[in-house]
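Biologist: I would like to go through this model with you, one feature at a time. Please give the cut-offs as we go.

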Amino acid sequence: MIQKLKFKPKSRVREFIGEKLIALNAFAALIAILLIFAFVFKEAVPVFTDSYIQEDASFDKLIFQQEYYEGRPAKWSWQPNSEAPKYSLYPLFLGTLKAALIAMLFAIPLGVGAAIYASEFASRRLREIIKPAIETLAAIPSVVLGFFALMILATVLQETLGLTFRLNALNAGIALGLAVIPIVFTVAEDAMTSVPRSLRDAATALGANPWQVSLTTVLPAAMPGIAAGVVLGFGRAVGETMIVLMASGNAAIISASFLDSVRTFSATIAAELAEVVFGSTHYTVLFMIGSLLFVFTFLINLGGDVILARLKERLQGRIG
Amino acid sequence: MNHQAATATPTTRPGAIVTLEFHPKTRGHIPRGLTLAAVLIILVILAVIIGNILIGGISTISWEFLSHPPEQGMEAGGIFPAIFGTVALVILMVIAVVPVGVMTAIYLHEYTPPTSRTTRLIRVAINNLAGVPSIVFGLFGLGFFIAFVGGGLDSLFYAEDGGPVWGQPAIVWAALTLALLTLPVVIVSTEEALRTIPPELKDASYALGGTKLQTIWRIIIPHAAPGILTGSILAVSRGAGEVAPIMFTGAAYYLPYLPTKLNDQFMELGYHIYVMATQSPDVEATKPLLYGTVLVLLVLTFILNSVAIMIRSRMRKNRAGS
């Protein structure tokens with residue numbers, strides 16, 4: 001490879017401007033995060049400050065049971081469009097948790113199991129099939145997974161389990177799990193393959209066969225990474241929108257059953273924001289929910305990152 | 001002696017000394033079988049999803065379907081405006097995201113030491129940006145781009161026009177919202193490519209009298225081109241499939257015209273799928289068109305991803321070879 005390069009004489013001004021331009025752009029991600037926080041939170045602030053909005057959506061009314069009609073027992077209710085609007089976040093919280101829990105129950109065994117197989121047992125050829133397959137799953141747009149859950153999975157579940165409602169937490173949770181599997185798999189597999197060779201060799205020298213090496217040495221060493229994958233997957237399950245919007249039935253029911261319809265935080269924003277009046281109580285509460293989602297996923301991601309960084313340090317420290 | 005032992009195990013780790021006993025007869029069929037089952041279940045689910053969409057959608061696909069607008073309340077006709085809108089959207093998005101993403105990667109890799117506080121801060125921001133729920137991007141697009149930027153432009157320049165010009169859902173706001181969402185994808189891919197450039201090339205450029213900027217422009221960017229391309233394609237694939245961020249920032253149920261200006265609304269494939277699947281008065285009548293649209297979006301996504309994977313694996317092989 002022979003290249004002919006001719007450089008024009010140095011221009012200090014151009015160098016200076018170029019460097020500053022690049023540096024300025026490099027802060028785009030940081031600025032974006034700050035702006036997102038500022039602008040989503042800004043629209044939610046009236047919940048804490050505006051007395052008109054607090055009439056219907058005070059902190060107390062968002063969280064605790066309310067006696068909506070005199071003489072009736074107090075309850076939680078999300079009915080923003082009724083004549084006496086009710087903005088209790090609890091049914092939405094419960095719905096989000098239900099859908100995310102099912103997603104995790106579905107995704108953890110499959111994601112971690114497949115990661116263990118890919119890292120410990122699979123031949124090179126099989127690994128060349130598993131990894132692209134997971135990448136393909138990750139590439140499926142969430143609206144397509146939502147479509148699949150709505151049109152196909154819901155019918156299958158209803159027929160095999162004899163359910164009353166087609167769209168429910170179970171249906172949404174399984175579809176959500178499909179979106180979580182690639183995250184759990186990728187992070188867990190990455191952690192296991194980065195366990196240093198010396199650890200494996202040591203266990204083998206002590207007489208362990210391959211699966212004993214995995215179980216007693218690799219898995220414990222990679223455990224924080226697997227945990228990080230689960231944590232990050234949970235963050236995705238809570239924030240994911242289109243799948244739950246299409247597959248969950250969107251009824252804000254309070255119950256312990258996983259076969260009832262649920263309404264999640266994210267789906268509530270997606271379904272209601274288009275129809276609200278700019279700056280109204282409903283609008284403000286939806287931005288409040290958005291702020292909650294943002295803060296929650298921010299903490300989850302920060303936590304996941306810290307775990308992974310520590311693990312990396314520890315594993316690399318062991319080689320040296 | 002003691003000192004040496006201390007340096008060999010630098011940190012106190014609980015369980016650093018482990019007693020391991022192995023039963024030589026256990027063969028590990030059960031864990032192997034269980035984890036293999038997990039792999040097989042995932043593969044089967046993937047095959048079922050793709051197979052179903054393929055079988056359900058293939059008969060709908062025709063030139064008519066791809067080149068005509070929806071008719072009779074989306075129960076007939078095609079999806080041309082949605083395809084057009086999606087393409088226009090991702091082109092605008094790429095124009096916005098690629099320069100910023102590439103410059104960020106170059107800054108992180110060429111200008112600052114990897115352990116500096118600035119670098120770490122930017123990295124934390126990138127990782128967190130990648131984890132922000134897509135619906136929050138939608139809220140942000142509405143609150144920032146439409147209300148703040150668009151509304152601001154309107155009150156500055158179009159005050160006498162009456163109605164909103166920029167302070168309303170529009171393709172440019174949707175594209176910018178998606179650009180923020182896909183920024184981490186472009187940064188990560190470009191950085192991977194930057195790592196494959198041998199330092200000798202840079203040294204040679206400096207030795208010939210090249211400045212830092214000239215080296216970046218003439219050596220680093222051309223050599224990182226495959227990575228930049230991979231990142232752009234992955235960003236397009238991601239952007240084309242996202243619905244939540246564009247629902248309030250520019251996508252429309254149905255439009256009789258194609259978007260021609262930056263402040264027009266537009267139709268989009270993913271949003272079209274959502275609308276047909278959930279808002280249709282007659283689900284059975286729209287079903288073939290719905291399946292066809294899903295197939296088009298899925299094929300588009302898969303083609304983009306395979307191309308990106310191919311470029312990336314070639315890049316990695318080159319690196320291994322050199």
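Modeller: First a definition: a crossing is left-handed if the near helix is turned anticlockwise from the far one by less than a right angle, and right-handed if clockwise. Helices (H or I, at least four residues) and strands (E, at least two) are DSSP runs, numbered from the N terminus. The model is predicted: local features need pLDDT of at least 70, side-chain atom pairs count only at pLDDT 80 or more, and totals for chains, interfaces and linings use all residues. Residues are numbered from 1 along each chain as its sequence is written, while chains are lettered from A and ligands numbered from 1 in the order in which they are written.

Biologist: What is the handedness of the crossing of α8(B) and α9(B)?

Modeller: Helix α8 (residues 199–207) and helix α9 (residues 212–241) of chain B have axes that come within 10 Å and cross at roughly 160°. Axes are lines fitted to C-alpha atoms, for helices over the stretch in contact, and angles run from 0 to 180 degrees between N-to-C directions. The crossing of α8(B) and α9(B) is right-handed.

Biologist: How are α8(B) and α9(B) oriented to each other, parallel or antiparallel?

Modeller: Angles under 35 degrees count as roughly parallel, over 145 as roughly antiparallel, 65 to 115 as roughly perpendicular and the rest as oblique. The axes of these two helices of chain B cross at roughly 160°. Therefore α8(B) and α9(B) are roughly antiparallel.

Biologist: Which residues in α9(B) meet α8(B)?

Modeller: Two residues are in contact if their C-beta atoms, placed from the backbone, lie within 7 Å. From α8(B), the residues involved are B:Leu201, B:Lys202, B:Ser205 and B:Tyr206. In α9(B) they meet B:Thr215, B:Ile219 and B:His223.

Biologist: Is B:Met247 buried or exposed?

Modeller: A residue is buried if 20 or more other C-beta atoms lie within 10 Å of its own, exposed if 12 or fewer, and partly exposed in between, with C-beta atoms placed from the backbone. B:Met247 sits in the loop between α9 and α10 (269–279) of chain B. Because 28 other C-beta atoms lie within 10 Å, B:Met247 is buried.

Biologist: Which residues is B:Met247 in contact with, leaving aside neighbours within four places in sequence?

Modeller: Both chains contribute to this list. From chain A come A:Ala270 and A:Ala274. From chain B come B:Gly138 and B:Tyr271.

Biologist: How does B:Arg218 count, buried or partly exposed?

Modeller: B:Arg218 is in helix α9 of chain B. It has 16 C-beta neighbours inside 10 Å, so B:Arg218 counts as partly exposed.

Biologist: What does the C-alpha trace of chain A span along its principal axes?

Modeller: Chain A has 14 helices and two strands. Its radius of gyration is 25 Å, well over the 20 Å of the globule rule for 320 residues, so chain A is more spread out than a compact globule. The C-alpha trace of chain A spans about 80 × 65 × 35 Å.

Terms used: The radius of gyration is taken over C-alpha atoms; the globule rule is 2.2 Å times the number of residues to the power 0.38.
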